[in-house]
Amino acid sequence: MVVSVTCQLINPAETFGDIVIDYPYVECTSAAIQALSTFKKLYPGHRREEINLSIEKAASFIEKIQASDGSWYGSWAVCFTYGTWFGIKGLLAAGRSFSTCSSIRKAFDFLLSKQVASGGWGESYLSCQNKVNP
């Protein structure tokens, strides 16, 4: 009975309601870019054009879904800081850099604006539930 009441009070389906359908999102796309970039380094001649095109399309997708404040919404954790980490990692793996990519610069501005007084970063679960940046 206690478990049932607890599960009803903290219902993960409400907080992570979109997890039953796997939409394209920043974490998966970033991880795929990172994997393809690593593969490309290990096997530079194998399907080079196809891999390069795939990485470029994925990097463009990441840039397109970036929020105007420089963040990305993370689908698998709490939430904007996590998503922004994946956005930056994916763009870097695609060959973008701070000096060549406005999305990376905006992401750094976002991260610097969200650091808390202790020196760390953190968010409430409400970031995911309400899809609102803290």
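Visitor: In which helix do Y82 and W85 lie, and how many residues apart are they?
Guide: Both belong to helix α5 (residues 80-93), 3 residues apart, which is about one turn of the helix. Helices here are DSSP runs of H or I with at least four residues, and strands are runs of E with at least two, numbered from the N terminus. The model is a predicted one, in which local features need pLDDT of at least 70 and side-chain atom pairs count only at pLDDT 80 or more, while totals for chains, interfaces and linings use all residues. Residues are numbered from 1 along each chain as its sequence is written, and side-chain values use heavy atoms, with hydrogens and water left out.

Visitor: How many aromatic pairs does the structure hold?
Guide: The structure holds 6 aromatic pairs. Rings of Phe, Tyr and Trp (its six-membered ring) pair if their centres lie within 6.5 Å; planes under 30 degrees apart count as stacked, over 60 as edge-to-face and the rest as tilted.

Visitor: Why is the pair of Y82 and W85 called edge-to-face?
Guide: The ring centres of Y82 and W85 are 5.8 Å apart and the planes stand at 65 degrees, so the pair is edge-to-face. Y82 and W85 also form one aromatic cluster with F86.

Visitor: What makes Y82 partly exposed?
Guide: Buried means under 20% relative accessible area, exposed over 50%, and partly exposed in between (1.4 Å probe, protein chains only). Y82 has 23% relative accessibility and therefore counts as partly exposed. W85, with a relative accessible area of 46%, is partly exposed.

Visitor: Why is the pair of F98 and F108 called edge-to-face?
Guide: The centres of the F98 and F108 rings lie 5.7 Å apart and their planes are at 85 degrees, so this pair is edge-to-face. F98 is in the loop between α5 and α6 (102-114) and F108 is in helix α6, so the pair ties together parts that are 10 residues apart in sequence. F98 is partly exposed at 47%, and F108 counts as partly exposed at 36%.

Visitor: How do you know whether T84 is buried or exposed?
Guide: The relative accessibility of T84 is 0%, so T84 counts as buried. T84 lies in helix α5. Leaving aside residues up to four places away in sequence, T84 touches G70, S71, W72, A107, F110 and L111, where contact means heavy atoms within 4.5 Å.

Visitor: At what angle do α3 and α4 pack, and what does that make α3 relative to α4?
Guide: Helix α3 (residues 26-42) and helix α4 (residues 48-64) pack at about 150 degrees, with axes 10 Å apart. That angle makes α3 roughly antiparallel to α4; angles under 35 degrees count as roughly parallel, over 145 as roughly antiparallel, 65 to 115 as roughly perpendicular and the rest as oblique.

Visitor: Which residues meet between α3 and α4?
Guide: From α3, V26, T29, S30, I33, L36, S37, F39 and K40 meet I51, N52, S54, I55, A58, A59, F61 and I62 of α4.

Visitor: How many helices and strands does the protein have?
Guide: The protein has 7 helices and 0 strands. Of its 134 residues, 29% count as buried.

Conventions. Axes fitted to C-alpha atoms, helices over the stretch in contact; angles between N-to-C directions.
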